[in-house]
Amino acid sequence: MVKICCIGAGYVGGPTMAVIALKCPNVEVAVVDISVPRITAWNSDQLPIYEPGLDEVVKQCRGKNLFFSTDVEKHVREADIVFVSVNTPTKTRGLGAGKAADLTYWESAARMIADVSVSDKIVVEKSTVPVKTAEAIEKILTHNSKGIKFQILSNPEFLAEGTAIDDLFNPDRVLIGGRETPQGFTAVKALKDVYAQWVPEDRILTTNLWSAELTKLAANAFLAQRISSVNAMSALCEATGANVSEVSYAVGKDSRIGPKFLNSSVGFGGSCFQKDILNLVYICECNGLPEVAEYWKQVIKINDYQKTRFVNRIVSSMFNTVSNKKIAVLGFAFKKDTGDTRETPAIDVCKGLLGDKARISIYDPQVTEEQIQRDLTMNKFDWDHPLHLQPMSPTTVKQVSVAWDAYAATKDAHGICLLTEWDEFKTLDYERIFENMQKPAFVFDGRNVVDAEKLRKIGFIVYSIGKPLDQWLKDMPALA
């Protein structure tokens, strides 16, 4: 029986290993992590992450050929294939601060693998890592190998949160990069045989190590670039009276472009896009390519601009001040069907409003009050370190409260910000909400989820990103 061990029981490691266990009953899968609370949660009925379909997969396999454990060394020692799925945060100090990936956790995992191994192993990079990480890891393993042979593979994940289980069941592609040596080809084949138990052969792509590592960064950069492109257009649409939804629909009808990732919004979020582009920028700078680095930096600049523009629009519409006004924030996760708040635009929007002394009431169906308070008090990039290494925040933001439902959040509010496209926000009783709000009542739709005309008929003043402005907003222009 092939034994697989995955170091890191987070958003990537947990779901990926659960699906491998489900699809490969002849493989024994152990997911290990030093965090006791996290492993306890994986072994309970309340999993540590929310992902549609994940519960069912875990319940079918757990205790049969899927195990969650804190005994990291035992499972690494026994494994034939070791996946490493640890955090690779952006460095906050030293060389490359604010851009380069911090490989501290990766390096300590590699040293531990070398230390405890008593048999040859295939070590698989699952975390998103900078190009050439495999080379560094290879050096650590070979210099500490005590005669044991290690083969390094890169097998980047291409999961979208909210659809991760479907993405794993039916991937567009599985990418495996390895050394172009006989031993490298053998290792690639071993991993390919695992995926081939449910993924069609033509969807399993094999490349050299560097191509696989770079493909992950490139894919995320291209996706983020599309979002920033349509968001840049949304500003122009508002200025000219065009409708960004009509423009992006017509553009997406071109088969060379396609319709995906062309929805205008308050900005992209999630754990990967910004981090991977910063990483790409740093790699370009290190390789003497400043023009290429500058090009990719613009994707993040437009994303930051979009969030700032949204906050400025709110403040200018409400008589140029939100001081002591209650603003309801509906949605805090970076997108629907996930509880993940990493790099969510809601953080910057809330901080912008708090900077103008607003009082904020937040409702999100999947995000806890504790998480929201942590996000609003944490420094940039701190979220990407393991929980026990994150600074504990003794302060809570006094002007922020968290509500149990949308109606409580919006009661007595001056304005509503829609920041996540949860389906339930489309079907709220907006007449009831309007009755219980201060007047004039504003809706700032950062995801284009509501029917603006319907809301205007009720009496709301509505701002939808990239849509023609109503008269009130024209009379109160947003300052850049």
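Trainee: Where does Glu78 lie?

Mentor: Glu78 is in helix H4, residues 72-78. Helices here are DSSP runs of H or I with at least four residues, strands are runs of E with at least two, and both are numbered from the N terminus. Bear in mind that this is a predicted model, where local features need pLDDT of at least 70, side-chain atom pairs count only at pLDDT 80 or more, and totals for chains, interfaces and linings use all residues. Residues are numbered from 1 along each chain as its sequence is written, and side-chain values use heavy atoms, with hydrogens and water left out.

Trainee: Is Glu78 buried, exposed or partly exposed?

Mentor: Partly exposed, because its relative accessibility is 35%. Buried means under 20% relative accessible area, exposed means over 50%, and partly exposed is in between (1.4 Å probe, protein chains only).

Trainee: And how far is Glu78 from Ser117?

Mentor: In sequence they are 39 residues apart, while C-alpha to C-alpha they are 8.0 Å apart in space.

Trainee: Switching to rings. How many aromatic pairs are there?

Mentor: The count is 14 aromatic pairs. Rings of Phe, Tyr and Trp (its six-membered ring) pair if their centres lie within 6.5 Å; planes under 30 degrees apart are stacked, over 60 edge-to-face, and the rest tilted.

Trainee: Why is the pair of Tyr195 and Trp198 called tilted?

Mentor: Their planes are at 50°, so the pair is tilted, and the ring centres are 5.6 Å apart. Tyr195 is buried, at 4% relative accessible area, and Trp198 is buried too, at 16%.

Trainee: What about Phe268 and Phe273?

Mentor: That pair is edge-to-face because the planes are at 75°, with centres 5.7 Å apart. Both Phe268 and Phe273 are buried.

Trainee: Which residues do ring pairs link into a cluster?

Mentor: Phe310, Phe319, Phe442, Phe444, Tyr463 and Trp472.

Trainee: Which ring does Lys23 lie over?

Mentor: Lys23 is over the face of Phe169, 4.4 Å from the ring centre. The rule wants NZ of Lys or CZ of Arg within 6 Å of the ring centre and within 35 degrees of the ring normal. Lys439 lies over the face of Phe434, at 4.6 Å from the ring centre.

Trainee: Nice, that covers my list.
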